[in-house]
Amino acid sequence: MAAAICALSSGSGLKKLDEFLLKQSILTRPYLGSKPSSCLCNYAQHGLSSTYRRQLEVKQWNPGRRVCYVSNETDYSDTIQEDKEEDISKVTLIWRAIKLPIYSVALIPLTVGSAAAYLQTGIFSAGRYIFVLISSVLIITWLNLSNDVYDFDTGADKNKKESVVNLVGSRTGTFVAAYSFLALGFILLIRASIEAGNKRAILLLACAIISGYIYQCPPFRLSYQGLGEPLCFAAFGPFATTAFYLLQGSSSGTNNLPLSGSILSASFLVGLTTSLILFCSHFHQVRIGTQRGSGVVKLAVIALYILLFTCGLFSALPLTCMFLCALTMPMAKLAVSFVEENHKDKQKIFMAKYYCVRLHTLFGAALAAGLVVARLVPQRYMPQTIFS
């Protein structure tokens, strides 16, 4: 084959070279351990011009295997990545499908809301906390499963191996399971609201669930209209966090929680960090481009801490919250730096959402700890009531 290529004159043209290569019956795939350009080295050694080497890209498919000559390092890396995807174990795929880190969006709003209630009353119901946490996990499971179902319907998850629909092989089964989780979770939340004697809580939670539905479910699917982040902010921030705060109260007059500046400020902060996770989860799909998208991430993080310090300085939040949450700034800087450095790399940028999950979890834990500590200090911070 090399001798035949040597016989081709430099003036014969790329067309003749392509025709010659396509007529060959024996094509071997370059070994993964070789250098990216090793499949062309014989051509280069026999005088093939650099122009032809840059343009050459022959791809041929054989039954049962893929035969591919790659012309540059990018194509070669993509080939290796596809091979790696084929070798992913089922255990790894199941772990990806579960999306365990994402369940922090159920934990943090509940924890911050409960901490805000403790700041207000000095009372914390561990039993109700666990009960509502289980209910919230069921709701998040519905979101994950229904998202896989509707992405399967649109073809977005056709080649996504970790899609639950692809793993179990049943669109109907996944759909039924999703809405079973939703029904059970909402029934449990209604029971918790009845025990707390607070109708506002279940109304806010219903608004949060509706926001999740119109975000991803037909006929709305507002996520395709660029409204995913605002809906996420409202659902997990003002709606869910405030509702969980109210659920820590009771029907008795001594423990009937008012809406205070502390819980509203805290809910806005939680909504911002949650929306950041969603934005980075679909970073490669942002309409404004990855360069501007990385700028949006940076601005969102800056806005998060500006809002934190503003709320602290104007007594909407205790100073303990401002101090403890400020300690999470290195994690925020790490997340921003990762996005700025890797926003063009489709293979690496998917990790951005996990950096945001870490920031969301650490920031939420610091915010909740600050609310609790503010209740324990001798000169206790008193939340300002906005609505009784």
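Accessible areas here come from the Shrake-Rupley method with a 1.4 Å probe, and for residues only the protein chains shown count as cover. This is a predicted model: local features need pLDDT of at least 70, side-chain atom pairs count only at pLDDT 80 or more, and totals for chains, interfaces and linings use all residues. Residues are numbered from 1 along each chain as its sequence is written, and side-chain values use heavy atoms, with hydrogens and water left out.

**Exercise 1. Describe the chain as a whole.**

Step 1. Take the surface. The chain exposes about 20100 Å², and carbon and sulfur atoms supply 63% of it.

Step 2. Take the interior. Of 388 residues, 45% count as buried (under 20% relative accessible area; exposed is over 50%, partly exposed in between; 1.4 Å probe, protein chains only).

Step 3. List the secondary structure. There are 17 helices and 4 strands. These are DSSP runs numbered from the N terminus: helices are H or I with at least four residues, strands are E with at least two.

**Exercise 2. Is Ser 211 buried or exposed, and what does it touch?**

Step 1. Ser 211 is in helix α11, residues 199-216.

Step 2. Read its accessibility. Ser 211 counts as buried because its relative accessibility is 7%.

Step 3. Look at the side chain. A polar atom of the Ser 211 side chain lies 2.9 Å from the backbone oxygen of Cys 207.

Step 4. List the contacts (heavy atoms within 4.5 Å). Leaving out residues up to four places away in sequence, Ser 211 touches Leu 231, Ala 235 and Phe 239.

**Exercise 3. Compare the record with the model.**

Step 1. Read the record. An unreviewed UniProt entry lists "transmembrane region" for residues including 100-119 and 355-377. Such annotations may be inferred rather than shown by experiment.

Step 2. Check the model. Residues 100-119 are 80% helix and 0% strand, with end C-alpha atoms 30 Å apart. Residues 355-377 are 96% helix and 0% strand, with end C-alpha atoms 33 Å apart.

Conventions:
A polar contact is a pair of N or O atoms within 3.5 Å; within protein, one must be able to donate a hydrogen and the other to accept it, and residues adjacent in sequence count only if both atoms are side-chain atoms.
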